[in-house]
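This report covers a pocket, an aromatic pair and a helix face in one model.

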Amino acid sequence: MQKHGAVTNEVLNTTYRLFVEGINQPLYCSACQTVLEALTSKGIFLEANCGGRGSCGKCKILVLDGQVNGPDGLPAKPLQNNTHLACRIYPASNLIVRVKQIQVSAKGTVATVFAADGPPLVKKIIVIPVYPTVSDPCSLQELFGHSLPTSIGGLDNICLLQQFGQVMDRTPEQMTVIMIGNEIIAVEAGNTTSSLFGLAFDIGTTTVVGMLVDINAYKVVATFSETNPQAAFGADVISRINAAKTDTGLAAQTRAIRQCLDRIIGELCAAAKVDRHQIYAATIAGNSTMMHLLLSISPLSLIRQPYVAAFKTISPFASKKIELDINPNAKVVLLPNITSFIGADTTAAILAVGQDISSDPLLIVDLGTNGEIVLGNREKIFTCSTAVGPAFEGAHIRDGMRATVGAIEDVVIDADVQVKTIGGHKPVGICGSGIIKAIAQLLKKKIITTSGRFNWQITEVLPPNLAQRLIKKGAQWEFVLVEGRNSATDADISVTQADIRQIQLVKSAICTGIQVLIGKSLPIGEMPVFLAGAFGNYIDVESAITIGLLPGFTREQVRSVGNAAGTGAIHTLLSQRKLKRCWHIANEIDYVELAAEPDFQKQFLANLVFPEMS
């Protein structure tokens, strides 16, 4: 909480009403609370890539009525047209504001139909109950045990016995036993085997995806995604870990993600017309930080030496432990993490592409908010984590944005510039796939050099329409993709010199990570490359190769695999055998700490340059 100069305690303790356009009920915001903090606490999430430090400029709101102060306690000056950064203003009166909540960015598809591979995680069996008689006065528990196959344990806990007693009071002719593995989790009256559903979640730093699975049919019946509301606490995991340093900060992020999961469940059930109580299990993949925050376990050990996680595996637990409103007896299975910054999402991706059972080496490159690289086969698998950050999601890019409606996703530079936006709307900004395509095009036209600098001298030979787009604002050059008169924001949408530097850092981190792993394994040959992650599924592969993101590979070797983490989570819901493979993957994989590699820094610096264009 920031201090307000010489403001009295009486003023600081004042609470004002905060009206958000489109929301009927007012919120409340104290004079010592930023508007961003007030909105976040009430479940209204804005982009705040910097974690509310005022440096990213993403949490813009329009103050329609009322007065606001800055951190110094004096009236805040608007950026333009009464627009302010929500993280830098405090109410000085009742307020009416217009906000733009975080929009959902795409994360790739998952398959809808799966093949059976052994028993699923959860199953139902029919039992014909035997009732006691005067001549055979055994307990109900004993008689029930006699009705079960010998491989199944009996009722041995109070909650199950309570359910069993209620069911037996109705003297049904048949009973349904719900099991996870060989553990009985619930007993129901009658034959309910036709209704058996499970959930698979992929909790990404940027996007959360939920899939509702009909376990009997081995089929995904509904998919729904939301932008991770924790983005209001920062775009990357480090920002969120720092935001969780206090009990209040940790609780706020835990509450946000649990509410997000429950909202997704509601959307899935509505779409598939399935009752929540017909859902008996959930499997969850996510990176280590997301798993800590979901369980309300402090993630601070991840950023303090020796940089370890609080846990690697968690035993299955009741869904109510994380406040999921599904069958009260349902169990949640968190897939195992690999190391501190290689999480269960990577475990699930390895499972999804079958890398752990492949005789041939495979390369997985996860281009999400975090960057993970995995190389190997059933003999040996190596993995590393790279410092990608959220640049591919539009963070740290001046006109960057998520891959949502209005984002420039494709750029072609010929005699002039043509752009394509998601949804065909007027351009709002540029997303990760767009910035990669734009830089590749600028390289091919030699408007930027291999060093990443703008080649301003080339304007003499460029077509006039292109030459006038390369401009200098202050001390920085930029290339205008869309002029303000043609954008939705009335401002130019450009690629700046600073944007190029950000992409150079990211591409060098990925490129160097791949090279380090290749040095520990087999020659690349014709090895397939699987691009996973939110960004990996939408990147233009030719452009990625052009800028040197995928060193030494050809277009034919590279394929996108959709939401590999989500697919892996579905597999573990549908197959106990594949769930067991996850534990083997997590325990056997070799983690490579890039910073400890002797030539890493040298390779990283060398890879900052772009490849020569012919």
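How much space lies in the second largest pocket? The volume is about 830 Å³. The model is predicted, so local features need pLDDT of at least 70 and side-chain atom pairs pLDDT 80 or more, while totals for chains, interfaces and linings use all residues. Residues are numbered from 1 along each chain as its sequence is written, and side-chain values use heavy atoms, without hydrogens and water.

A pocket here is an open set of points on a 1 Å grid where a 1.4 Å probe fits, with protein on both sides within 12 Å along at least five of seven lines; lining residues have an atom within 4 Å of a point. The second largest pocket has 30 lining residues, and Glu 37, Gly 51, Phe 233, Ala 243 and Gly 249 lie nearest its centre. Helix H2 (35-41), helix H5 (237-243) and helix H6 (247-272) each give two or more residues to this lining. H6 gives the most, with seven residues.

Trp 456 and Trp 477 form a stacked aromatic pair, 6.5 Å centre to centre with 5 degrees between the planes (ring centres within 6.5 Å; stacked means planes under 30 degrees apart). Trp 456 lies in the loop between helices H9 and H10 and Trp 477 in strand S24, so the pair ties together parts 21 residues apart in sequence.

In helix H4 (residues 158-168), Leu 160, Gln 163, Phe 164, Val 167 and Met 168 are buried. These residues fall within an arc of 130 degrees seen down the axis, so they line one face of H4. Ile 158 and Gln 166, on the other side of H4, are exposed.

How values were computed:
Buried means under 20% relative accessible area, exposed over 50%, partly exposed in between (1.4 Å probe, protein chains only). Helices (H or I, at least four residues) and strands (E, at least two) are DSSP runs, numbered from the N terminus. The arc is that of the directions from the helix axis to the C-beta atoms. Rings of Phe, Tyr and Trp (its six-membered ring) pair if their centres lie within 6.5 Å; planes under 30 degrees apart count as stacked, over 60 as edge-to-face and the rest as tilted. Grid points are joined across faces, edges and corners, and a volume is the space filled by probe spheres set on the points.
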